[in-house]
There are 2 protein chains.
Amino acid sequence: MQRIVVLAGGVGGARFLQGLKSAAPDADVTVIGNTGDDIHLFGLKICPDLDTVMYTLGGGINEKQGWGRAEESFTVKAELADYGVGPEWFGLGDRDFATHIVRTQMLGAGYSLSAVTEALCARWQPGVRLIPMTDDRVETHVAVSDGEGERRAIHFQEYWVRLRASVDAHAVVPVGADQAQPAPGVLEAIGDADVILFPPSNPVVSVGTILAVPGIREAIADAGVPVVGLSPIVGDAPVHGMADKVLAAVGVEATAAAVARHYGSGLLDGWLVDTVDSAAVPSVEEAGIRCRAVPLMMTDVEATAQMAREALTLAEEVRA
Amino acid sequence: MQRIVVLAGGVGGARFLQGLKSAAPDADVTVIGNTGDDIHLFGLKICPDLDTVMYTLGGGINEKQGWGRAEESFTVKAELADYGVGPEWFGLGDRDFATHIVRTQMLGAGYSLSAVTEALCARWQPGVRLIPMTDDRVETHVAVSDGEGERRAIHFQEYWVRLRASVDAHAVVPVGADQAQPAPGVLEAIGDADVILFPPSNPVVSVGTILAVPGIREAIADAGVPVVGLSPIVGDAPVHGMADKVLAAVGVEATAAAVARHYGSGLLDGWLVDTVDSAAVPSVEEAGIRCRAVPLMMTDVEATAQMAREALTLAEEVRA
């Protein structure tokens, strides 16, 4: 049985995993989930990326939106607003609240985030092993300029959801990452993997944050197995979200080739770019990363499964 | 302006307060609320009696049921059950959850329960000053016999809501009360009162728990103003709930006269019994407590307002 490790953010990672499960239904898939987007709101611990993976693979996602629960209602949020308690810009539904209540209660009782995630997945049966990158607190902050030109750091969710990345990001800092340890099972899964995949997730605030946890980047580089990524940039624009904004903050051009070079040949063995970016293939290969141009739009599960098959095929080419 | 202090439990206390506000709309009413029924569920702090008073006077109560929110839904609870997280016997609706989320968040941020209660009341505008009896943790436990005849102590809510008081209570203990201090404002309100009223609330687990906080009973006895109560027992049965069960646990007969004697003339100056219990009047007066028989069924706000007027009239008789 093929053992596949995937580093996943939220929507992009979750959709890719749907395709991967369809392409390789018998594979043993371990997902290392980004927790840098986590936020405390209303006294509750919210893990948007872990939940998006869990809901998507467990059949509970709002398919159209890509995050949050299907058939959702917003009674609790409306009541909180009636108490004057916000923020109102973060959309938490009643069904979703239950997840955060269970998580917060278990964390308060002393369980680790990875133990809590396992407990939540016992209900959702995502068909993969989902592990947070770390049980320690890591919080991605974004440095922005305020109206007077003064720099200040805000939580990633405030930048992404409230501001819709509408102002320039000067820096992206995964606060606490340098002190964090990989969660139990993370390094073991990487060490036991046959293939490691980077889905078309945000290279800075999703995959990049996972790689910022000391030991994870090194374990992947030293695993001695093919590491293949899929470009989140198609035709010089992000497929989903506003990845170009945070790429600029780390000095990386928003192109498929620049993202590959950002990961680097020390980490990445193979890279898929979209067919519209086939001109980028030579420059990626020059950087020592095997590259193929294939359709990379996750329009439906079958198209996404084909992307996963291409990634696994490229991995076998690299191995040979 | 007449200053009235009321010691209130849940449903009975809240309904009486509706009548009192109607009878004495210009009075300055301070409600000292029972917190012995408080319980932690799902990691959230729930204060059923404070909320029942707040929702009832603020127009948000489920009128028919007497507790919980009007137009309530139960999405969060159903989701929690899908996670296998209970208990299911405690009925928390989505609107109600928001209250507990705000309260728990504020307590976690270091606010006292009395400060939190004031903040919640800023929304509900109950028209009274609602103060919890204490900011310290007090939890009423009930000693029951299990199937093998072994005694064990369970939380009051488990006894009352889950078991519906269907087994005998051997003892009722307000755990933590002996170490508790009256919340800020409680003793001052009693000291400044013109009249102190005991509504037809449970004399053991509602009014009795408030009186168990050191300093409160003494302050009432020493206030030097009329203290008048209304019997929660009519025709030898509790008007609401299962008060007879917990009265038995403290060795008090479930009669209007026995409850008056249980409070005692050291505390109580006047006592109202229902007209069906007019035969009890002489024995209450023999115990040194002025007693009148008047209709005591809180069938609607006007009937309840009349009860409040009778209590205030009896207070003036006592004073004269």
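How many salt bridges does the structure hold over all chains? The count is 28, where a salt bridge is a side-chain nitrogen of Lys or Arg within 4 Å of a carboxyl oxygen of Asp or Glu. The model is a predicted one, so local features need pLDDT of at least 70 and side-chain atom pairs count only at pLDDT 80 or more, while totals for chains, interfaces and linings use all residues. Residues are numbered from 1 along each chain as its sequence is written, chains are lettered from A and ligands numbered from 1 in the order in which they are written, and side-chain values use heavy atoms, with hydrogens and water left out.

Start with how the two chains sit together.

Next comes the place where the chains touch. Here, 25 residues of chain A are in contact with 25 residues of chain B, contact being heavy atoms within 4.5 Å. Because 100% of the interface residues of chain A are interface residues in chain B too, the copies meet through the same surface. About 2100 Å² of area is buried between the two chains, and carbon and sulfur atoms give 66% of that. Buried area here is the accessible area (1.4 Å probe) that two parts lose on being put together, summed over both.

Helices (H or I, at least four residues) and strands (E, at least two) are DSSP runs, numbered from the N terminus.

Two of the salt bridges show how the chains pair up. Arg95(A) and Glu79(B) meet through their side chains at 3.0 Å, N to O. Since Arg95(A) lies in helix α4 of chain A and Glu79(B) in helix α3 (residues 75–82) of chain B, this pair joins two chains. Arg95(A) is partly exposed at 21% relative accessibility, whereas Glu79(B) is buried at 2%; buried means under 20% relative accessible area, exposed over 50%, and partly exposed in between (1.4 Å probe, protein chains only). The other example is the salt bridge between Glu79(A) and Arg69(B), at 2.8 Å, N to O.

Salt bridges also turn up inside chain A. Arg162(A) pairs with Glu158(A), with the closest N and O atoms 2.8 Å apart. Both residues lie in helix α6 (residues 156–162) of chain A, 4 residues apart, or about one turn of the helix. Arg162(A) is partly exposed, at 37% relative accessibility. Glu285(A) pairs with Arg292(A), the closest N and O atoms being 3.7 Å apart. Glu285(A) is partly exposed at 36%, and Arg292(A) is partly exposed at 32%. Elsewhere, salt bridges that share partners link Arg69(A), Arg95(A), Arg123(A), Glu79(B) and Asp82(B) into one network.

Now for the inside. The largest nonpolar core has 111 residues, and Leu20(A), Leu197(A), Leu20(B) and Leu197(B) touch the most other members. Such a core is a set of buried Ala, Val, Leu, Ile, Met, Phe, Trp, Tyr and Cys residues joined through side-chain atoms within 4.5 Å. Leaving aside residues up to four places away in sequence, Leu20(A) touches Ile4(A), Val6(A), Val29(A), Leu197(A), Ala308(A) and Leu312(A).

Gly270(A), in strand β13 (residues 270–273) of chain A, is buried at 0% relative accessibility. Gly108(A), in helix α4 of chain A, is exposed at 69%.
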